[in-house]
Amino acid sequence: MRHVDFSPLYRSTVGFDRLFNLLDSRSVADQTPSYPPYNIERTGENTYRITMAVAGFDEKELSLEAHAHVLTVKGEKSEEEADGQSEYLYRGIAKRAFERRFQLADHVEVQSASLKNGLLHIDLLRNIPDAMKPRRIAIAAEAGDTAKQIEAQVAPQQIN
């Protein structure tokens with residue numbers, strides 16, 4: 001993959017440093033693990049949901065942390081006590097720990113998280129402050145200006 005030089009954009013933009021750094025770090029070959037699988041869906045105009053398949057994990061074995069525009073989901077499987085009664089012939093269910101990080105945009109907050117049927121649902125809300133929302137500005141006329149009307153008497157025209 002080619003490296004893209006963002007330096008010309010730095011000259012004409014202010015405050016987009018984090019975006020350019022994010023794009024630059026993503027241009028490097030992606031080495032992120034694919035476990036556990038997840039979906040990101042838009043559920044409304046300002047609401048989102050991340051759904052992760054965490055089969056075999058309990059609520060106590062999962063942790064979520066949101067800090068500085070990064071949502072971190074960790075899963076650490078507690079070791080089951082070997083009672084000596086069972087012996088695995090094949091172990092296909094992963095018991096490995098994982099850590100998955102999601103970059104959150106500005107003003108995106110984690111609203112709730114729930115675990116149901118092996119799926120971890122994380123609901124997100126983009127909460128834009130009123131000061132940053134677009135607003136309509138009324139245009140007022142100056143005090144001395146009033147609409148001028150032109151009035152004239154129309155002379156009757158002769159009809160041929």
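**Around arginine 100**

Modeller: Let's start where a polar atom of the side chain of arginine 100 sits 3.2 Å from the backbone oxygen of proline 36. The side chain of arginine 100 also comes to 3.5 Å from the backbone oxygen of tyrosine 35. The term polar contact is used here for N or O atom pairs within 3.5 Å; within protein, one atom must be able to donate a hydrogen and the other to accept it, and residues adjacent in sequence count only if both atoms are side-chain atoms. Please keep in mind that this is a predicted model, in which local features need pLDDT of at least 70 and side-chain atom pairs count only at pLDDT 80 or more, while totals for chains, interfaces and linings use all residues. Residues are numbered from 1 along each chain as its sequence is written, and side-chain values use heavy atoms, with hydrogens and water left out.

Arginine 100 counts as buried because its relative accessibility is 8% (buried means under 20% relative accessible area, exposed over 50%, and partly exposed in between, with a 1.4 Å probe and protein chains only). Its place in the chain is strand S5, residues 98-103 (strands are DSSP runs of E with at least two residues, numbered from the N terminus).

Now for the sheet that holds S5. Three strands form an open sheet in the order S3-S4-S5, with antiparallel pairing (two strands pair if DSSP finds at least two bridges between them). S5 and strand S3 (62-67) are the edge strands, each pairing on one side only. From one strand to the next, the twist averages 15° (axes are lines fitted to C-alpha atoms, and angles run from 0 to 180 degrees between N-to-C directions). S3 and strand S4 (residues 70-75) run antiparallel and are joined by six bridges; within S4, leucine 71 stands opposite alanine 66.

Glutamate 99 and arginine 101 meet through their side chains in a salt bridge of 2.5 Å, N to O (a side-chain nitrogen of Lys or Arg within 4 Å of a carboxyl oxygen of Asp or Glu). Glutamate 99 counts as partly exposed at 37% relative accessibility, and arginine 101 as exposed at 55%. In a regular strand the side chains alternate between the two faces of the sheet.

Leaving aside residues up to four places away in sequence, methionine 52 touches Arg100 along with others, including Pro36, Val73, Phe98 and Leu120 (contact means heavy atoms within 4.5 Å). Met52, Val73 and Phe98 have the most contacts inside the largest nonpolar core, which has 15 residues (such a core is a set of buried Ala, Val, Leu, Ile, Met, Phe, Trp, Tyr and Cys residues joined through side-chain atoms within 4.5 Å). At least two residues of this core come from each of S2, S4, S5 and S7, with S7 giving the largest share, three residues.

S2 and S7 lead us to the other sheet. Here four strands make an open sheet in the order S1-S2-S7-S6, with antiparallel pairing. Strand S1 (38-42) and strand S6 (108-116) stand at the edges with a single partner strand each, so one side of each is left without a neighbour in the sheet. On average, neighbouring strands of this sheet are turned by 20° against each other, direction ignored.

S1 and strand S2 (residues 47-53) form five antiparallel bridges, and the two make a hairpin with four residues between them. Across this pair, glutamate 41 stands opposite arginine 49. S2 and S7 pair in the antiparallel sense over seven bridges, with histidine 121 of S7 as the bridge partner of threonine 51. S6 and strand S7 (residues 119-126) pair over eight bridges, again antiparallel; leucine 120 in S7 is the bridge partner of leucine 115.

Side chains link S2 and S7 as well. Arginine 49 and aspartate 123 meet in a salt bridge at 2.8 Å, N to O. Because arginine 49 lies in strand S2 and aspartate 123 in strand S7, the pair ties together parts that are 74 residues apart in sequence. Both residues have an intermediate accessibility class: arginine 49 is partly exposed at 25%, and aspartate 123 is partly exposed at 21%.
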